[in-house]
Amino acid sequence: MQAKVGVGWADFRASPDQEVRGFVGLNLLYATLVSHNMDEAAEIVSEHEIRKYDRSNILGDYRRWPALAQEALEREASAVDFSDINHVVLCGMGGSAASCDVVREWLDDVDVVVVKDYHLPKWAGGRDLVIAVTYSGNTEETLSCYSEALKRGMPLVTISSGGTIEVSSRKRGVPHNKVSSGLAPRAAFPLLFYTLVEVLRKMDIVCSRRFEEAKSSAKMLDFYSRRIFPEVPLKENISKQVASFIYQEIPKVYGSERIRCAVERFRRMISENGKWHAMSDVLPELCHNEIVSYIIGNPRLRIILMRTKSDPLEISKRFDIVKEIFLKSQHKVMELMPEGSSLLDFIISYFYFLDVATVYLAIKNRQEPAKTENIDYLKERLGRELNYVSKLSL
Ligand code: PA5
């Protein structure tokens, strides 16, 4: 596999000082577009800055992603002995839900529904499998769905690092898959995702071809783990470059519907890790509304196009045309094209190098990436004022 991280910068003559270039090495254009940020970018990821702001060492957790994927793939899953499943209903919130989103987009030949709410769909019943994923094991929306699945007598499996869902699963005889604890839920993604894959494989919902695909996608983590961490300089480090591009500006993230989970993950991680605002949309839908706004130039916008080698012609043509429109209206564009050969490879690659980019963004913003003050506050107040979980039969 090549070391190229597949980035091209604006390759359209948008203004007299932006040269026309193809999908070339990013560095020349990079320097043209964001030269004002370069020194700062180099400085902000100094060891000192990392130590100062990444107090709980979330970067260390991200470094472990290849090993966490292996850990999950090697552990035998607990599942239910039930064939003839109708739908797969995956329940989870936030970082835990991301693993469910990836399964839904990847398994496009299986009826997968993701529930990020308190209640299961009304139609869900005895032949629909529920898998409740909550890293902490204590998220009330997921516990609520779990309790409804118990009530409806549905086939049920749980995944957590501990918490109430583990205790209840043991008490109720629900197969529980315990993953290692001590990570931020979003940084536990490989543990949760590959455990989900293992559960589905055990139940023959993931066939052997798909399982091979999953195993091979884990290799993308190895590939990027050697290219995105602080010791790799900015000019060769795609994560640092992305962080530098969006730092203190307004990121707009666009990708195709087929990788919606990666587009949304990036937007959410800009907020959750990076403590910054971001917007996102997907093609082709954005070509029918969002695109209209690109008539007035906004110098603060930083557009990131998340492309893949598997984009069909009708989508890649749309990318080309919308990029022209962005550039004509004087906007700055960064195009990404990850390594890999399957849709899952691209999704996993995007998750990895863009998550790490948002850790750099946090550090540049002088914030602790792992901290989630507002989430903690909200959970604590809800617990104190409503105590929803105490009303559930668990
Ligand atoms: O990443 C995070 O910390 C959050 O998005 C959590 O994942 C979310 O609040 C749900 O918690 P849990 O994953 O423990 O169910």
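Helices (H or I, at least four residues) and strands (E, at least two) are DSSP runs, numbered from the N terminus. The model is predicted: local features need pLDDT of at least 70, side-chain atom pairs count only at pLDDT 80 or more, and totals for chains, interfaces and linings use all residues. Residue numbers start from 1 along each chain, as its sequence is written.

**Whole chain**

Start with the protein chain, coloured by pLDDT, the predictor's confidence in each residue, from 0 to 100. The mean is 90, and 89% of the residues reach 70 or more. Select residues 1-38 next: pLDDT stays under 50 there, and the model has 56 contacts beyond four places in sequence for this stretch. Two residues are in contact if their C-beta atoms, placed from the backbone, lie within 7 Å.

Of the contacts with a separation of 6 or more, 76% are between residues 24 or more positions apart. Buried residues make up 48% of the 394 residues. A residue is buried if 20 or more other C-beta atoms lie within 10 Å of its own, exposed if 12 or fewer, and partly exposed in between, with C-beta atoms placed from the backbone.

**Helix H7**

Move to helix H7 (residues 163-172), where Thr164, Ile165, Glu166, Ser168 and Ser169 are buried. Their cover includes strand E4 (129-133), helix H6 (140-151), strand E5 (156-160) and strand E6 (176-178). Just after H7, Gly173 has a positive phi of about 70°.

**Helices H9 and H13**

Show helix H9 (residues 208-225) with helix H13 (residues 343-364): their axes come within 9 Å and cross at roughly 35°. Axes are lines fitted to C-alpha atoms, for helices over the stretch in contact, and angles run from 0 to 180 degrees between N-to-C directions. From H9, select Glu213, Ala214, Ser217, Met220, Leu221 and Tyr224; they meet Leu344, Asp345, Ile348, Ser349, Tyr352 and Phe353 in H13. The residues of this contact divide into 8 nonpolar, 2 polar and 2 charged.

**The loop between E8 and E9**

Pro284 lies in the loop between E8 and E9, and the peptide bond from Leu283 to Pro284 is cis, with omega near 5°. Glu290 is in the loop between strand E8 (279-283) and strand E9 (301-306). Glu290 counts as partly exposed because it has 17 C-beta neighbours inside 10 Å.

**Around H14**

Select Arg366, in the loop between H13 and helix H14 (373-385). Its phi is positive, near 60°, in a residue other than glycine. With 11 other C-beta atoms within 10 Å, Arg366 is exposed. Finish at Asn387, in the segment after H14. Asn387 is not a glycine, yet has a positive phi of about 45°. Asn387 has 10 C-beta neighbours inside 10 Å and so counts as exposed.

Key
Ala, Val, Leu, Ile, Met, Phe, Trp, Tyr, Cys and Pro count as nonpolar, Asp, Glu, Lys and Arg as charged, and the others, Gly among them, as polar.
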